[in-house]
Amino acid sequence: MTLFQLLPAIAYAACLIVVFRHALSPADPSPGTWRWPAALSAVFLAFTLFQIATDGVLMFWTNHSVNATGNQVWFDLLMSVSMAFILLLNRARALNMAIVPWAIFVASTASIGLFAMWARVLFLEEREGALAHPA
């Protein structure tokens, strides 16, 4: 088994752990929770830069436009990122974040921008909460 065959299985297992951990835990995030999506954004950016250096900038398009499976993955990515962005919008607006630059960032980088935006929302919410309830 190659690393490229193993990485999707590892990522899926990690995703299951994170999803069910959050599904079974209280809704209030712990302080510093914003660091996780920030780190994921940075790690995925690094992997994307590796992918571009290895396969070229247009390989992602080839991957998504060659057959029905590639199309399905592309549609899934578009729908998931759009849904997550829309779900974050009210929280971002409540924090006076500039929505259009974030929309451009998310639309052009998908999960990289989305995780960065989520980290920013969590960071500002944590900071706002700390300011509203000083120790």
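**Stop 1: the nonpolar patch**

Helix α1 supplies the largest share of the nonpolar patch, five residues. This is a predicted model, in which local features need pLDDT of at least 70 and side-chain atom pairs count only at pLDDT 80 or more, while totals for chains, interfaces and linings use all residues. Residues are numbered from 1 along each chain as its sequence is written, and side-chain values use heavy atoms, with hydrogens and water left out.

Select M1, L3, F4, L6, L7, I10, F44, F47 and F50: together they form this surface patch, with about 930 Å² of accessible area. Areas come from the Shrake-Rupley method with a 1.4 Å probe, and for residues only the protein chains shown count as cover. A patch takes residues with over 30% relative accessible area and no salt bridge, joining like charges within 9 Å and nonpolar side chains (Val, Leu, Ile, Met, Phe, Trp, Tyr) within 5 Å. A salt bridge here is a side-chain nitrogen of Lys or Arg within 4 Å of a carboxyl oxygen of Asp or Glu.

Two or more patch residues come from each of α1 (3-23) and α2 (35-55). Helices are DSSP runs (H or I, at least four residues), numbered from the N terminus. Now pick F47, which lies in α2. F47 counts as partly exposed because its relative accessibility is 38%; buried means under 20%, exposed over 50%, and partly exposed in between (1.4 Å probe, protein chains only).

**Stop 2: the aromatic cluster**

Next select F60, W61 and W74, which form one aromatic cluster. How many aromatic pairs does the structure hold? There are seven. Rings of Phe, Tyr and Trp (its six-membered ring) pair if their centres lie within 6.5 Å; planes under 30 degrees apart are stacked, over 60 edge-to-face, and the rest tilted.

F60 and W74 make a tilted pair, 6.2 Å centre to centre with 45° between the planes. This pair links distant parts of the chain, with F60 in α3 (residues 59-65) and W74 in α4 (residues 68-94), 14 residues apart. The pair of W61 and W74 is edge-to-face, at 5.5 Å and 85°. W61 is in α3 and W74 in α4, so this pair ties together parts 13 residues apart in sequence. F60 is partly exposed at 38% relative accessibility, and W61 is partly exposed at 45%.

**Stop 3: helix α5**

Finally, select α5 (residues 99-109), whose buried residues are I99, W102 and V106. Viewed down the helix axis, these fall within an arc of 65°, so they line one face of α5; the arc is that of the directions from the axis to the C-beta atoms. On the face turned away from the buried side are the exposed residues V100, I104, A107 and S108. Just after α5, A110 takes a positive phi of about 55°.
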